[in-house]
Amino acid sequence: MNNTHESTKEIVLKVSNLTKAYGEVKPINQMSFEVYKNDAIAIIGPSGTGKSTLLRMINMLNTPTSGQIFLGDEEVTKEGYPLNKLRLKVGMVFQSYTLFSHMTVIENCMDAQIKLLKRSRQEAYARAYDELNKVHMTDHILKYPDQLSGGQKQRVAIARALAMDPEILLLDEPTSALDPTMVSEVETVIKSLSKRGITMLIVTHEMRLARAASNRVFFLTGGSIYEEGSPEKIFDNPEREATKNFVKRIKKKEWLIKNKDFDFLTSISEIDSFCRDADISIKTNKAIQSIFEETVTQIMLPQIKGQPLIKFTLEYSGQSQLLRLMIEYAGPKLRITDTDNEMAKNLLLYYSDIIEVEPTSDDLNDGFNNAFELKLKKSL
Amino acid sequence: MTKKKLKKYIFIELLFTLIFIGIFLCLLVFNQNNEKGQKFKNPASLKGGTIATWSGSLSNQIASKSIEEAHFAFYTNPVDMFQDLRTRKVDACILPSYRIKALKNDYPDLSILDQSLGMSQTSFIFSDKSNELRKQFNEFLEAKKADGTMEMLEEKWFSNPSNYANIPYDKAQLSGENGTIDVAIAADAIPYEYIRDGQIIGYEPEFLDLFCQEYGYNYKMQNMQFDAMLMGISTSKYDIGLSNVEYTEERAQKVNYGSFMREEPIVAIVNNGNPYSKGLIEDLKLSFSKTFIVGSRWKGLIHGLLITLLISGSSIIFGSIQGYFFFLWTKNYPGIFKRIIIFFSNIFLGLPIVVFIMITYYILFGKSRLSGVFISIIAFTFMFSIYVHDCLHASIKTVPPEQREAALALGYTEGQTLVHILIPQALDSFLPSYKNEIISLLKSTSIVGYIAVNDLTRQGDLIRATTYDAFFPLITVALVYLLLTWIIIYFIKLLLSYVNPKRRKPSQILKGIDTNSDPL
């Protein structure tokens with residue numbers, strides 16, 4: 001991980017009172033911060049709060065409404081500043097990788113070097129090969145983008161940006177468009193970048209990535225940096241209320257089932273997202289989904305007459321790596337472990353043990369008179 | 001496209017072309033129609049029948065006065081009239097008698113009803129700017145009538161008009177010391193004016209020679225359709241028009257007639273039921289010889305082809321370049337420029353190209369004496385450039401917008417992005433549209449006959465008009481267009497595979513790079 005001796009470091013990027021307004025709406029409002037050399041800053045926050053907008057203003061793909069941006073000593077927001085020169089110093093990796101489809105992998109990484117940095121073909125090749133080697137893509141240099149998987153494309157996109165030797169690298173949700181199976185290969189690459197000391201800003205919602213690759217985390221909401229700190233501080237000991245709520249949202253989730261034809265599929269996919277965000281293993285993730293399905297739809301709902309009232313809670317503590325599943329419900333007691341549905345019961349008991357508990361008592365839980373916890377079996 | 005696929009493709013295309021030829025040949029066979037119909041003895045017996053007349057001509061006016069209760073069918077040239085008379089779509093044609101007299105060997109099944117319906121008087125016509133010429137012409141004509149020259153010419157050209165292939169003619173040497181006259185001629189009326197061995201000869205050209213010798217003029221002669229010639233004179237693009245122009249009061253308001261040179265009776269021509277076909281093979285042989293061999297007409301077709309290629313080729317090349325620049329301007333200065341281009345796009349969308357070319361020639365360039373070929377190139381270049389612009393615009397839209405952003409983010413300028421990133425990716429969808437526009441342009445140039453340019457189509461039609469035989473000229477012209485189209489398609493396909501980046505070999509991709517010197 002990078003060290004954070006800010007006082008001795010040079011400032012690579014400085015943002016001062018930056019504002020972006022669309023009429024009355026201000027996704028970015030009077031934001032100021034400094035980025036030091038070798039910093040890897042993760043930018044998190046609720047969707048639509050301007051995280052991507054902020055990133056795109058740094059290389060001026062979006063123009064700020066007011067405020068200043070300094071790259072090194074130069075003010076890039078000054079009128080007439082040559083934007084293509086700016087962008088040579090600011091590399092960007094997009095969510096949708098966007099490789100040039102008419103060029104091979106190696107050419108994607110060489111072309112800009114040759115045309116914009118005026119390097120010789122041999123030089124450009126050597127530099128491109130070097131970066132591609134670091135992302136383990138040298139076996140594919142003569143392939144075309146449509147022959148690569150998403151993860152491979154993103155790795156090439158990173159190599160392409162780095163071959164230009166930018167002063168700072170911007171990554172806009174680099175893993176969002178990827179299949180879950182490919183996310184880890186890209187995360188590994190990004191981790192290695194921060195080890196190399198590459199100065200970067202990463203917009204992401206993957207807590208795991210932020211923890212692994214960054215030394216500073218900005219939590220953005222309401223148009224400004226609401227709270228900032230190290231990953232440990234932000235994720236495990238947030239100070240401010242909104243931060244706590246946001247971080248909690250990716251650490252505890254509840255599902256309320258109030259009628260028999262509730263949206264089962266959405267609930268399953270939310271469980272899946274929660275587990276991935278919380279860095280829960282895929283095996284466990286699938287187990288939890290199975291438990292939910294078997295318990296709620298196969299065992300409980302068939303036994304309930306009239307309108308059901310069921311709450312399913314999933315809680316995860318990153319620090320202690322504890323996982324808690326709880327189901328609370330209203331109405332007469334149901335048969336869970338002694339149900340008639342043999343298949344469902346066996347599946348359920350394969351994954352977990354059932355322990356009866358007291359329903360949690362806070363204001364939201366009016367009406368729940370039964371509860372039990374599902375403890376995942378150790379063998380998982 | 002692999003070689004195998006290309007061969008297969010060629011084979012299928014040839015097969016289809018052969019099928020089309022086969023269909024045309026079948027049509028020829030079924031055209032042999034020899035049914036015996038009604039026989040007419042005199043014009044009065046045509047009462048209530050279907051009569052073919054040449055619209056706008058004197059014969060038209062006379063016919064409507066002479067024949068009672070007739071249904072009239074209007075034509076724009078005598079070839080079509082004779083064809084329909086032969087197949088009995090009409091009962092009679094009303095025309096000056098020389099039209100059929102010169103061709104009596106070609107049409108043994110058509111004959112004249114002897115009673116004359118009226119007289120047609122003809123002369124040269126002059127533009128409003130050639131009054132001096134007209135005065136000289138009238139003086140000269142008077143003199144030649146008096147000294148027996150006109151009688152001599154009459155004897156030479158009209159005593160046995162069906163011998164038109166052998167009437168001797170030597171174009172006179174003209175000094176041109178007093179100037180050069182621009183002459184428009186519709187050389188499709190044997191023996192007044194017609195083409196033999198690539199040369200325009202006839203009664204009127206010979207008279208013109210004599211006139212010019214006397215007054216020290218030289219002339220530049222341009223062959224065209226009759227209507228184009230009338231237009232050319234009434235807009236003063238040409239000084240004199242030759243086409244045994246019949247005097248009608250309507251025409252006299254638009255053009256200035258010289259004194260009458262000659263008179264010809266207007267008659268009714270009917271089908272006499274004689275067989276005209278010598279059998280399919282003989283007919284085809286005769287048709288072939290008349291189309292290509294007689295009078296070296298094949299040379300005319302080659303010349304027409306060259307004109308078509310010149311106009312199409314120039315328009316395509318210059319139009320493509322211009323279209324590319326329009327595209328760049330639209331990209332860099334959207335707003336006003338885009339509006340202008342869209343405006344012209346809509347004009348070409350809504351205006352038939354014939355109308356467009358005629359407006360260009362007769363109105364926009366009305367006062368100028370630039371040749372029709374040159375004006376066609378200008379008009380088609382402009383039109384093509386608008387189409388190329390639209391093609392480019394549409395194909396760039398197929399490139400995902402993220403590509404532009406990714407390029408900008410790397411530091412490419414807008415211009416570099418367009419040329420190196422967007423256009424190469426747009427080529428895949430651009431080239432097929434471009435191919436279609438090229439072929440469309442090639443075919444569109446076939447209308448330049450309307451503005452007095454002798455392109456391939458016009459040449460074919462000229463032969464048809466002169467030989468009164470439609471099959472070979474039109475089929476040949478059609479096949480040539482098909483062949484040209486096919487060649488264009490072939491080359492664009494070749495180009496598509498050539499610019500396909502995935503066809504490059506590794507040695508091409510890594511040109512100039514030593515992969516052995518360890519970069520790590």
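# A tour of chains A and B

Start where the two chains meet: the contact draws on 36 residues of chain A and 30 residues of chain B. Keep in mind as you look around that this is a predicted model.

**Stop 1: the interface.** Show the surface of both chains. Together, chain A and chain B bury about 3,000 Å², with 62% of that on carbon and sulfur atoms. Now select Phe100(A), His102(A) and Tyr144(A): these residues supply 20% of the area that chain A buries against chain B, more than any other three residues.

**Stop 2: links across the interface.** How many salt bridges are there between chain A and chain B? The count is three. To see a salt bridge, select Arg56(A) and Glu405(B), whose closest N and O atoms are 2.6 Å apart.

Next, switch to a cartoon view of chain A and colour helix 2 (83–89), strand 6 (90–93), helix 3 (105–116) and helix 4 (121–134). Each supplies at least two residues of the side that touches chain B. By class, that side of chain A has 18 nonpolar, nine polar and nine charged residues.

**Stop 3: chain A as a whole.** Zoom out. Chain A has 12 helices and 15 strands, and its C-alpha trace spans about 75 × 45 × 40 Å along its principal axes. Of its 380 residues, 53% are buried. Among contacts in chain A between residues at least 6 apart in sequence, 65% join residues at least 24 apart.

**Stop 4: a pair within helix 4.** Select Lys134(A) and Asp130(A). They form a salt bridge, with the closest N and O atoms 3.4 Å apart. Both residues lie in helix 4 of chain A, four residues apart, or about one turn of the helix. Lys134(A) is partly exposed at 36% relative accessibility, and Asp130(A) is partly exposed at 23%.

**Stop 5: two more pairs.** Go to Lys375(A) and Glu373(A), a salt bridge with its closest N and O atoms 3.5 Å apart. Is Glu373(A) buried or exposed? Glu373(A) is buried, with a relative accessible area of 13%, whereas Lys375(A) is partly exposed at 43%.

Then hop to chain B and select Asp147(B) with Lys144(B), a salt bridge whose closest N and O atoms are 3.1 Å apart. Here Asp147(B) is partly exposed at 46%, while Lys144(B) counts as buried at 16%.

**Last stop: a network.** Return to chain A and select Arg119(A), Arg127(A), Asp130(A), Glu131(A), Lys134(A), Asp165(A) and Arg196(A), which salt bridges with shared partners join into one network.

Definitions and conventions:
Residues are numbered from 1 along each chain as its sequence is written. Chains are lettered from A and ligands numbered from 1 in the order in which they are written. This is a predicted model: local features need pLDDT of at least 70, side-chain atom pairs count only at pLDDT 80 or more; totals for chains, interfaces and linings use all residues. Side-chain values use heavy atoms; hydrogens and water are left out. Contact means heavy atoms within 4.5 Å. Buried area is the accessible area (1.4 Å probe) that two parts lose on being put together, summed over both. A salt bridge is a side-chain nitrogen of Lys or Arg within 4 Å of a carboxyl oxygen of Asp or Glu. Ala, Val, Leu, Ile, Met, Phe, Trp, Tyr, Cys and Pro count as nonpolar, Asp, Glu, Lys and Arg as charged, and the others, Gly among them, as polar. Buried means under 20% relative accessible area, exposed over 50%, partly exposed in between (1.4 Å probe, protein chains only).
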